[in-house]
Amino acid sequence: MNGKSVKAAVIYLLGGLLVLLGLASMPASANANFAAGDPGWEAYKKRFLLPEGRIVDTANNNISHTEGQGWGMFLAVQFNDRKAFDRIWQWTEAHLARQDIALYAWRYDPNAQPPVADNNNATDGDLFAAWSLQLAADRWGDERYAQRSEAIRGAIRDHLIADVGGYQVLLPGLDGFRHKTFTDINLSYWVIPALRDFAARHPDEPWLAVIDSGRQLLERAQFGSSQLPADWLRLQTSGELRPAEGWPPRFGFENIRTPLYFTWGGLRDIDTLEDIARFWDQPAPPAWVDVESGDTADYPISQGGKAISALLSGRPWAIDITPAAGENYYSATLLLLTRVAAAQISLSAG
C-alpha cells in the first residue's frame, strides 16, 4: 500500500477488503429488505419530512435542497414507503422542476420571495432523483417514474459531463463551474452506486468513463500532511489538480460523503480512502481539517460521519439505527444512507 502503516494495512485487510469484495458483485439496483415501520426511517420522517413532501434542512433555517429531496426519495424506495416517495417527488416537481431542461433548481427558501431565487441545478441532487425514480419504477412498476428518470439522466448526460484535462468530470451545476482554463469540481458529487446503475442499464452512455475519472481524481486528491482531498477541487485544462479558490481548503462537511459513495460503489481500494480512514481513526476525529494549514475544527464529526467511518473501516455493526435527537438533517440523512449501503454490501456478500 505504498508505505502505509501496518495498522492501516490491518484495517484495510480485515475491514475494507471485505467491503470491497462484497460490493464487487452487488447488483446495481439491489434493495435491502428493511422491515415496514423501520424505527430509523420513521424517526427521520417525523423530524425532517413535512406533510406536503418537503425535506427540511434543520441546520439551515429549514430551507430545502434538491440533494435532500433526492435523498428522501431514495430512502423512501429503500424503506418501501411509496406514500412518502410520492409526496416528496410531487413536491419536488411542483416547486423545483425547471421548465427549460429536465433538471431541478437546487434551493428552496420558504422565507424568501421568490422561494426559488437561483435556477441553477446541483448535479448530486439530480443524480439521486434520477436514480431514485428508476428504482421506484423497478419496485412499484409505475412507468411515470421510469420516464422522468430517463429525462433527468439524459439531461445530466448531455449537459453535465465534460472533458477537462483528459478526465470525464461531473460539473457541479450548469452554470458557474466551468471556465476557459479550469473547472471546479466536487468529488462528493460522484454518487458511484447511482453511476454504476446507470452504466449497467445504459452501457453505451459515458457513465463508466465518469466513474473511472472519479477514481483517478480521488487517487490524486491528496493534500497536506494528512494527504486528504479538499471538498472543492480546481482541475486545470492541463490536468493539474489542487484545492479550489473561493472555498476553504478543507476536507470536511461536503467531502465526508466521498468515502461513503466510493466505498458503497465498490471503489474502496484507493489510497486516499485509506488516508481518510487513518485520519478518522482517533477517539474524536474533528469535523474538518484544513488540508493546507492542518488546522482542525474544535468539534467532532457527526453521528452520520461516524457511521461513514464505520463503513469505511469495515465495522457495519457500529452503525446506529436511529438518528440521535440532537442530530440535524444532514447527519441523520448520512446515517440512513450508510445503513442502506451496509445492508446492500451484506446482501452482496451473502
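**The pocket lining and its surroundings**

Guide: The lining of the largest pocket divides into 18 nonpolar, nine polar and nine charged residues. This is a predicted model. In total, 36 residues line the largest pocket. Its volume is about 910 Å³. Nearest its centre lie Glu67, Phe253, Glu254, Arg257 and Tyr330. Helix 12 gives the largest share of the lining, three residues.

Stay with helix 12 for a moment. This helix covers residues 329-349, and Gln344 has its place there. Gln344 is buried, because its relative accessibility is 2% and the cut-off for buried is under 20%. The side chain of Gln344 has a polar partner. It makes a polar contact with the side chain of Trp264, at 2.8 Å.

Now the second largest pocket. About 180 Å³ of space lies in it. Its lining has 12 residues, and Trp280, Asp281, Gln282, Ser309 and Arg315 are the closest to its centre. By class, the lining of the second largest pocket splits into six nonpolar, three polar and three charged residues.

For the largest pocket the counts are 18 nonpolar, nine polar and nine charged. For the second largest pocket they are six, three and three, in that order.

Glu205 is found between helix 7 (192-201) and helix 8 (207-220), in the loop that joins the two. Glu205 has a relative accessible area of 13%, so this residue counts as buried. The threshold for that label is under 20%. Which residues does Glu205 touch, leaving aside neighbours within four places in sequence? They are Arg153 and Arg157. With Arg157 the link is a polar contact, side chain to side chain, at 2.7 Å. Gly154 gives a further point of reference. In sequence, Glu205 and Gly154 are 51 residues apart. In space, their C-alpha atoms are 9.5 Å apart.

To recap the side-chain pairs: Gln344 with Trp264 at 2.8 Å, and Glu205 with Arg157 at 2.7 Å. Both Gln344 and Glu205 are buried.

Terms used: Residues are numbered from 1 along each chain as its sequence is written. This is a predicted model: local features need pLDDT of at least 70, side-chain atom pairs count only at pLDDT 80 or more; totals for chains, interfaces and linings use all residues. Side-chain values use heavy atoms; hydrogens and water are left out. Helices (H or I, at least four residues) and strands (E, at least two) are DSSP runs, numbered from the N terminus. Buried means under 20% relative accessible area, exposed over 50%, partly exposed in between (1.4 Å probe, protein chains only). A polar contact is a pair of N or O atoms within 3.5 Å; within protein, one must be able to donate a hydrogen and the other to accept it, and residues adjacent in sequence count only if both atoms are side-chain atoms. Contact means heavy atoms within 4.5 Å. On a 1 Å grid over the protein atoms alone, a cavity is a set of points where a 1.4 Å probe fits but cannot get out, and a pocket is an open set with protein on both sides within 12 Å along at least five of seven lines; lining residues have an atom within 4 Å of a point. Grid points are joined across faces, edges and corners, and a volume is the space filled by probe spheres set on the points. Ala, Val, Leu, Ile, Met, Phe, Trp, Tyr, Cys and Pro count as nonpolar, Asp, Glu, Lys and Arg as charged, and the others, Gly among them, as polar.
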